[in-house]
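Subject: Structure for your review

Dear colleague,

Please find the structure below, handed over for your review. My notes on its charged side chains follow.

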Amino acid sequence: MPTSEYHSIPTHHFVNVILPIAVPKPYTYYVPTEWQNQIEIGMRVEVQFGKNRLYSGLVIEKHQNKPEEQQLKPILSVIDTEPIVNETQFKLWKWIASYYACTLGEVMHVALPANLKLASETKVLLSPTFDENFDGLNDKEYMITEALTIQNELSIEEIRAILDQKTVYPLIHRLLAHGVLYLKEEIKTKYKPKKVACIRFCEPYLSDPSSLSSAFEKTAKSERQTAALMAFIQIARQQEFVRKQEIYKAANVDSGVLNAMVKKGIFESYNKEISRIGGYEEELIEAHQLAEQQVNAIASIQQQFEDKNVVLLHGVTGSGKTRVYIELIQKVLQEGGQVLYLLPEIGLTAQIINRLQVIFGDDISVYHSRLNNNERVEMWKAAIKGKPIVLGARSSLYLPYTNLKLIIVDEEHDVSYKQFDPAPRYNARDAAIYLANICGAKVVLGTATPSIESYKNAQEQKYGFVEMKERFGGLEMPEIIIVDKKDELKKQTMQSMFTSVLMKELKEALDKKEQAILFQNRRGYSPTIQCTTCGWHAECRNCDVSLTYHKFHNNLQCHYCGSEKRLPKECPACGDRKLTLKGDGTEKIVDELQIFFPDANIGRMDFDTVRTKHAHARIINDFEEKRLDILVGTQMVTKGLDFDNVSVVGVLSADQPLQYPDFRAGERSFQLLTQVSGRAGRKKKRGKVIIQAFDTAHPVIKEVIHNNYLHFYNRELTERKTFAYPPFCRLIKITLRHKKPQNLNQGTRIFANHLKHFLGGRVIGPAVPSIARVRTYYLMDIMIKIERKADVIAKVKKLIRNATHEMQKSTGCSQVRVSVDVDPY
């Protein structure tokens, strides 16, 4: 558009628009006359960026300042009739973009549901619920819908061509809102309710108890069937439904007995849908009487909220922290406020979710990755209307709350609160504290193993602090037994990867019909396949890592890029067939256990087994219903699981996480070992934890054995102070990547030299990371250690932007990618 046309534009009709892409700042557009009375901050508008790209952007500012150097483009259309993002959200977005050194567009891309951020390449398809009723559609909406009945999917660009017009976002928005269209997305698995296997009488026994004599006649020749019938009658008098597992236990019979009685027409089998909280449901609803420790904790938190905005609740595993949260939530609801309950991973915390849903019913909504795009938009609208409780993972921080008064961050130490890729690489715990600050809300950080940073803030009285040192109901903490693997190897008492102590405890648990959990933080069968003749080992063609053997698929897989390879029959280097598998993964552990305990039912829970539809829910159901005797898993088994029949927990290799080259290795190991230990003996009796290790004298293992968090904290804090690591400094990790190592090396030198010129010894590196190539990109790391001063941190972030610019304008370095991670975790 010629510059002369701008003179007629009123000076106050300019808007700054955030685009869902990584541009350094919002882009300015002018508002045509027809939109001037409709546009408000927080509304979406359709705009052009670049030559042909169209986006739905967000208006963040209205102003009178016409940019001098920018060729202005007009707003093409206004998509919304009212704002979808409020002032509080924009404040949070700006803080995240500033603190975590990213752009507002990157924050917007993560924050908004996909339906609210359309782009030219977006594809749509007909909703599976659309019944081809075209009533109520205008001509253009009809044309789009009819085209989709002929073609499976259409891009936004194709829709523009069909209608022969540029502005189509308002039309698509209306069709999405009415459920006619869906954005193309992977089919998300809906939450599957828990079902338990039950039995009941067939007719006539169900409606006519006097006819039971004929049932006893049918079982007269089988003592076990008669015992099962007697057990059923007794249990059915006391409760609404009877589980098969209850009959198995009460009558000491197996599934064969019940199957025979089904064939005789006495019983019928059925699956009953129940709350996933199982036996804990009744305890929560009927447990009107709080324990003294819980009463004191609630009173202390409320008292400290008078002069502190954040309180750290340090409660041992099984201490009843969830009940404390419930009481705090109820108080906020009585006062008309909203509550955000953050969990590290929704998929792994089904029990907590259902525990809260039973109590709060329709007042609570869950926001998580399993929701489809339309459901996410509905949740967005529900938050605007003041939904009382939102329970979700880190993305739920971005919802448009209107009266937020309390944020609960459960398991505040968990690494899942940190987003790694893509940007913004934020920590949801820290962002939640900032969100509470701008909303005037309070924060409870709950955990059995506080992060060093949070505990230090509590010790320095920046946070309030409440302790719950005892398990609910007076239950003892589990007995922790440390077993020296070196000693067992010398004595030749190891059985595969299991020590004699662990095998003895497993056998005793199985004999008592109790259950066990075994923890090994490595999935697959074996992490390496190696030639014993020449030393060759299988590596990924895209990444500098070994390929892991997966027995179920009988192939080699890369856990970084997902590439797969057939298992070689001979060594590709020397041709020898002496190939051996090195190391133990969860898949191999299950195989070995099946040899030692052939009658036990053994399950596995890791990334490989929970990726299929309903798999996670099925595994948890099976273990709760005692269809599984032993559950083998990665760190998934440490999070949010509460089983009343687990008497033994085994940690197969406690040394493994301690050997990771990271200053947080000790902290993570302490947290992981303490959390997995907490799965033992949760409700009725004291459990046992068997920790296998080569270095039994390691201080972290000793601190876990004695459950001595304070000793661990003081020792860890001394080490970090000596070597200047957080919380005594700030860290910024910069990763540079390129497909050609020579270009990467050149760019990294320019980048590092620019930083060192201004920051000197604060810059560490560059260095090749432990995994030097991922997804065909070579990597280089630079670490910056800086003082904990806001002005210094801001200057360093500006230097990083300048260094990126200096590097990318150099020959051969324009395609070097730069990732900035503030407070790497």
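How does D662 count by its relative accessibility: buried, partly exposed or exposed? At 26% relative accessibility, D662 counts as partly exposed. Please note that the model is a predicted one.

The side chain of D662 forms a salt bridge with that of R668, at 3.6 Å from N to O. R668 is likewise partly exposed, and its relative accessible area is 26%.

A second pair joins R429 and D430, whose side chains meet in a salt bridge with an N to O distance of 3.1 Å. R429 is buried because its relative accessibility is 5%, and buried means under 20%.

K469 counts as exposed, at 60% relative accessibility, whereas E467 is partly exposed at 37%.

Beyond these pairs, there is a network of salt bridges that links E453, R664, E667, E716 and R720. In the whole structure, the search finds 35 salt bridges, among them the one between R668 and D662 and the one between R429 and D430. As a general point, side chains of opposite charge can pair when their charged atoms come close.

With kind regards

Key: Residues are numbered from 1 along each chain as its sequence is written. This is a predicted model: local features need pLDDT of at least 70, side-chain atom pairs count only at pLDDT 80 or more; totals for chains, interfaces and linings use all residues. Side-chain values use heavy atoms; hydrogens and water are left out. A salt bridge is a side-chain nitrogen of Lys or Arg within 4 Å of a carboxyl oxygen of Asp or Glu. Buried means under 20% relative accessible area, exposed over 50%, partly exposed in between (1.4 Å probe, protein chains only).
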